[in-house]
Amino acid sequence: MPGIKLTVNGRLYQVDVPADTTLLELLRNYLGLTGTKEGCGKGECGACTVIMDGLAVDSCLIPAAKADGAEIQTVEGLASPDGRLHPLQEAFIGEGAVQCGFCTPGMIMSAKALLDRNPNPSREEIKDALAGNLCRCTGYAKIIAAVEKAAAVMGTPAGGGRIEGSRSGRGAALLSSQEREE
């Protein structure tokens with residue numbers, strides 16, 4: 001079993017895992033970080049999204065060995081040491097952007113990666129950043145409103161920045177059927 005060293009939520013770990021272990025399995029089964037969810041196991045739903053070296057990734061698709069030496073952030077790493085929730089977490093609660101909660105950690109981590117790179121995203125950039133995350137309960141209007149609110153609370157009102165690249169080309173259609181909720 002290969003030994004993997006990685007930093008998760010600011011803490012260094014060395015873990016021995018079988019060669020076929022995914023980053024998702026390492027986080028959940030070896031480190032006990034169960035906020036990261038397994039949905040489809042094929043990189044289609046985004047429930048397993050974490051931030052790896054600054055980028056939102058589907059942890060179900062990443063072999064654990066590829067995370068050797070990486071900096072990983074999970075939803076458990078967002079709250080402050082005193083337990084205060086991150087502005088994204090507060091905004092998701094405040095805007096009613098959670099129902100069953102299964103997709104919420106992945107949505108929040110995708111949004112965090114976006115806001116880390118672009119603190120002033122447009123609505124289209126938010127849609128694009130969340131395009132790899134599926135929600136079957138809330139619809140996307142409240143989720144997008146929560147990201148906009150978090151951007152404003154974090155210091156820069158949403159509405160104008162540019163971000164290059166995304167995980168998925170499905171962003172343009174993200175709200176098309178959901179915008180009726182607004």
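What follows is a short exchange on how terms apply to this predicted model.

Residues are numbered from 1 along each chain as its sequence is written, and side-chain values use heavy atoms, with hydrogens and water left out. In this predicted model, local features need pLDDT of at least 70, side-chain atom pairs count only at pLDDT 80 or more, and totals for chains, interfaces and linings use all residues.

Me: Why is aspartate 20 called exposed?
Reply: Its relative accessibility is 67%. Exposed means over 50% relative accessible area, buried under 20%, and partly exposed in between (1.4 Å probe, protein chains only). So aspartate 20 counts as exposed. Aspartate 20 lies in the loop between strand S2 (11-16) and helix H1 (23-30). Helices (H or I, at least four residues) and strands (E, at least two) are DSSP runs, numbered from the N terminus.

Me: What makes serine 59 buried?
Reply: Serine 59 has a relative accessible area of 0%, and the limit for buried is under 20%. Serine 59 sits in the loop between strand S4 (55-58) and strand S5 (71-73). Beyond residues up to four places away in sequence, serine 59 touches Thr22, Leu23, Leu24, Thr36, Cys48 and Val50. Contact here means heavy atoms within 4.5 Å.

Me: How many disulfides does the whole structure hold?
Reply: The search finds 0. Cysteine 40 is in none; its nearest cysteine sulfur, in cysteine 45, is 3.8 Å away. Cysteine 40 is partly exposed, with a relative accessible area of 30%.

Me: Which residues touch the most other members of the largest nonpolar core?
Reply: Leu88, Phe92, Met107, Leu130, Ile143 and Val147, out of 27 residues. Such a core is a set of buried Ala, Val, Leu, Ile, Met, Phe, Trp, Tyr and Cys residues joined through side-chain atoms within 4.5 Å. Helix H3 gives the largest share, 7 residues.

Me: Which residues of H4 and H5 meet?
Reply: Arg123, Ile126, Lys127 and Leu130 in H4 meet Ile143, Ile144, Val147 and Glu148 in H5.

Notes
Disulfide = S-S within 2.5 Å.
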